[in-house]
Amino acid sequence: MIVQELANYGKAFDHMPLKGQLLQAKSLLTGLVTRYGAFGTVSVIRATLKKRAELRMQFGGTIQRDFPTVPSSGIAELFIMAALYEVLSEREDRDTAYEFVLELFRAIGPGVHASLYDVRHLLKCDGNPYTNFCALNRSFFESSAEKGFYDVEEISETRDVRGGHRWIRAGRPRP
């Protein structure tokens, strides 16, 4: 199999795969239960959902106007994470809330990226796994740029002097 035959090859970052969403939910619940216990977690989730509704009412129109090409799933995650941060910062302090959210992203990252990049199948592709990863990543950013999700200024490949691997640089998300 070649990397171009992977199911995710050439797809834009327009949604998180279901497996990634489940991993996000599991990591979030595990983190909350560990920190606040079962009853505290229910309280935090209720407060987060209420705060999310408030944020949507307050900023929903602005977000849609200023970021019309960002997928709705990305906007939904933005509101949930912002609401969670706000709730936690009200219960504790901003630094503690920030550290918790940062820990959450660190816990979510490996599993979510493994599902997004379909690592099991990527490793079975012919050729160098890193080169294949770069090709898959490039296809994501090119497709996302075509749909307007990212303002990609440049995608270039350069040799890394340490091991001869190729690196891809891409632009920043659209403002």
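## Salt bridges in the model

In this predicted model, the structure holds 6 salt bridges. Side chains of opposite charge can pair when their charged atoms come close.

Because R35 belongs to helix 1 while E92 sits in the loop between helix 2 (72-91) and helix 3 (94-116), the pair ties together parts that are 57 residues apart in sequence. R35 is partly exposed, with a relative accessible area of 34%, and E92 also counts as partly exposed, at 31% relative accessibility.

## Other charged pairs

The side chains of D66 and R65 meet in a salt bridge at 3.2 Å, taken from N to O. Here D66 is partly exposed, having a relative accessible area of 36%, whereas R65, at 58%, is exposed, since exposed means over 50% relative accessible area.

A further salt bridge brings together the side chains of R94 and E86, with 3.9 Å from N to O. R94 counts as partly exposed at 45% relative accessibility, and E86 is likewise partly exposed, with a relative accessible area of 25%.

## A nonpolar patch on the surface

Apart from the charged residues, L29, I45 and L49 form a nonpolar patch on the surface, and together they have about 220 Å² of accessible area. Of this group, L29 lies in helix 1, which covers residues 18-66, and L29 counts as partly exposed at 41% relative accessibility.

Technical notes:
Residues numbered from 1 in each chain as written. Predicted model: local features only at pLDDT ≥ 70, side-chain atom pairs only at ≥ 80, totals over all residues. Heavy atoms only, no water. Patch = residues over 30% accessible without salt bridge, like charges linked within 9 Å, V, L, I, M, F, W, Y side chains within 5 Å. Areas by Shrake-Rupley, 256 points an atom, 1.4 Å probe, with all protein chains shown as cover. Salt bridge = Lys/Arg side-chain N within 4 Å of Asp/Glu carboxyl O. Helix = DSSP H or I, 4+ residues; strand = E, 2+ residues; numbered from the N terminus. Buried < 20%, exposed > 50% of the residue type's maximum accessible area, 1.4 Å probe, protein only.
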